[in-house]
Amino acid sequence: MSRVRPLSSYRNIGIAAHIDAGKTTTTERILYYTGKTHRMGEVHEGTAQMDWMEQEQERGITITSAATTCYWKDHRITIIDTPGHVDFTAEVERSLRVLDGVVTIFCAVGGVEPQSETVWHQADHYKIPRIVYVNKMDRIGADFFWVVDSMKEKLLANPVVITIPLFKKDDYVGLIDLVKGKAIYYKDDTLGAEYTEDDIPDDSVKKYNEYRVKLLERISDYDDELMEIYLNGESPSVELIKRAIRKGTLKNEISPVLCGSSFKNKGVQVLLDSILDYLPSPVDIPPYEGFSLDGSKKVIRKPDDSEPYSALVFKITTDPYFGQLSYVRCYSGKMNKGSQVLNTRTGKSDRVSRFLIMHANKREDVEDMQTGDIFALVGLKDVQTGDTICDKSHPIVLESMDFPEPVLSVAIEPKSASDQEKLGLSLKKLMQEDPTFKLHIDKDTGQSIISGMGELHLEILTDRLLREFKVNANIGKPQVAYKETISTKAEHETKFVRQTGGRGMYAKVVLRVEPVDSYKGFEFVNKIVSGAIPKEYWSSVERGAEESMEAGPLAGYKMDGVKVTLLDGDWHEVDSSDLAFKIAANMAFKEAAKKATPVLLEPMEELTILVPEDYLGEVIGDINSRRGKIKKMHARKNIHTIEAVIPLSELFGYTTDLRSLTQGRANHSMQFDSYSPVPKQISDEIIARVMGR
């Protein structure tokens, strides 16, 4: 099948923001106005098309990133609506990895909130151009210009305002388009589908002139023709202004900012036009860089159907009809149904049996897949998030994705022997879908321990096990994922000797261990001189030391933040081996770690609380009682924002406690901050509890 429309008319975008900023509502309006749906889905009614999971509809939040494709003014827009809750950061991360542009939504009342910052910095990492939509302009306390200022302050962003809000008395009625120089009013009786453009009202002309000048000054740097016209005191054309804004946006040097109220059906069509006008198509993105299979040289792929086929798997789901679906972004080339593709991680080939365009959990069959497409594939086996699939004759390994380590765990066990196998298979499917969901078996108790990014994350996963996979299981209470590290330097010498009648085992190593700043990582340094240990055994020493990090000396928690130096050793021509040196290093590391004043580490959460002034004292007192440290406080009107760092172990059930303290008037959000040493008294209690199991 030949391409229906040029690749320059494709837009692969994500909609991302903090929880409750209106991402899903905005997506639902986009689907309605583009004709994809004929009824507006509402989050609060549980009818949002993009929130199709039972758990999403019950909670009114987005949990899994849903993809859909719609059409606007002869352009094809593929949209991924990402979650706003920090527990599902991995969903945002993998979506951003494959998108060309992002619409970042800020609440006009809440402004730049913590998860907004996280998403913004994730987009910075992938160098993704953004436009900003300040939503909920109809809400009491909405302040568009304050949000723009907070973007500069909190995100160090370069916002360029292209629409400003229009009020009649205190009611939000529309917007002023600074590019066209027109006031736009939306008709309530057509659910905002129809709108009128009119002259700017007299009482708004001053504000319009102020921001129009700011706009032209900012964007004239990106277009010489526009600069010349502007400096001559003339008014540039709409096309010229759009061209300059587009250039600055694609360079990632500015972010156009619009306003609206998605729930009140105002501003969404202008947002759609801006997606076409300012966000990149696949051809606007530089050629994609990857590596050869052995990683020795760079391989380039241009976004073109004539190039060899290459795509990245960014998400895996289990479908009741098709089994495993692999969501992929095609970066180059073209593939037909039945094609054989190479998975560069496994080195194996798979036959792709079907291509599906997804609309949330609905699907539509297509015959082939081309550059710029985001589809779901049926037929890939042994595939993981981050895998590259490509033409067997022209292999390429695209940049994969890194995900954060889980910080919370619960024990899970089947209620009966018949549920044992079902539980194992279901956990395997969930781990394939979610790279931040982990499973391990406790060596002491034999229990299955599942780990995730927070209380909500684990709650959703266990709920899916019970409802979706129909596994009868007992779920334990959440447990914090503690770590261990060392706080001083120490050395230890180990001589491992074993004689069994035949060939023996011999290895001697001297290791020094010392802490690494920020309690992160494992570092190995080799200082062997004059052949004390042959070169072929150095890697065995490193492996032995690194494997010892899996269980620390205090309570068997995983270790982190340790530098190991191999100082000296000895070997035997006959009895030395890789295994002997690995065992010796393992033993030496464990003894050195015991001497190096080991400490317990706990995950700390960054907590942001918006609280009315009447309850400020109670909330601060509660933070102090939870071993929290307040980093920053500021106020806007009578609402105070508190930023604090609190141990995760002290935050179980915090949502309910905060509601009780403030009669439901405070809001909060939290995200992982860092690991920090546990105070000795509490550390002793935790170790005694764990070792006494």
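Me: How many bridges join strand 12 to strand 13?
Reply: This is a predicted model, by the way. Strand 12 covers residues 288-291, and it runs antiparallel to strand 13. The number of bridges joining the two strands is four.

Me: What is the order of the strands in the four-stranded open sheet?
Reply: Its pairing is antiparallel. The edge strands are strand 7 (163-168) and strand 10 (195-198), each pairing on one side only. From one strand to the next, the twist averages 30°. Read across, the order is 7-8-9-10.

Me: Which residue is the bridge partner of Tyr-186 in strand 10?
Reply: Strand 9 (residues 182-186) and strand 10 run antiparallel, with four bridges joining them. Tyr-186 has its partner in strand 10, and that partner is Tyr-195.

Me: Which helix packs on that sheet, touching strand 7, strand 8, strand 9 and strand 10?
Reply: Look for the helix at residues 268-278. Its direction makes about 125° with that of strand 9. The one you want is helix 9.

Me: Is Cys-259 buried or exposed?
Reply: The cut-off for buried is under 20% relative accessible area. Cys-70, at 1% relative accessibility, falls in that class. Cys-259 has 0%, so it counts as buried.

Me: Are helix 12 and helix 13 oblique or roughly parallel to each other?
Reply: Helix 12 (residues 538-548) and helix 13 (residues 578-595) pack with their axes 7 Å apart, at an angle of about 40°. Roughly parallel needs an angle under 35 degrees, while roughly perpendicular starts at 65. That is why the pair counts as oblique.

Me: Is the crossing of helix 12 and helix 13 left-handed or right-handed?
Reply: First, find where they meet: the residues of helix 12 include Val-541 and Ala-545, and those of helix 13 include Phe-581 and Phe-589. Where helix 12 passes helix 13, the crossing is right-handed.

Me: In which strand is the place of Leu-607?
Reply: Leu-607 is buried, with a relative accessible area of 0%. Leaving out residues up to four places away in sequence, the residues it touches include Ile-642, Leu-651 and Tyr-654. You'll find Leu-607 within residues 598-612, in strand 35.

Me: Which residue in strand 34 is the bridge partner of Phe-522?
Reply: Strand 34 (residues 562-570) runs antiparallel to strand 32 (residues 505-515), with eight bridges between them. Strand 33 (residues 522-526) pairs with strand 34 in the parallel sense, over five bridges. Pro-515 has Val-562 as its partner in strand 34. For Phe-522, the partner in strand 34 is Val-562.

Terms used
Residues numbered from 1 in each chain as written. Predicted model: local features only at pLDDT ≥ 70, side-chain atom pairs only at ≥ 80, totals over all residues. Heavy atoms only, no water. Pairing = 2+ DSSP bridges. Buried < 20%, exposed > 50% of the residue type's maximum accessible area, 1.4 Å probe, protein only. Axes fitted to C-alpha atoms, helices over the stretch in contact; angles between N-to-C directions. Parallel < 35°, antiparallel > 145°, perpendicular 65-115°, else oblique. Left-handed = near helix turned anticlockwise from the far one by under 90°. Contact = heavy atoms within 4.5 Å.
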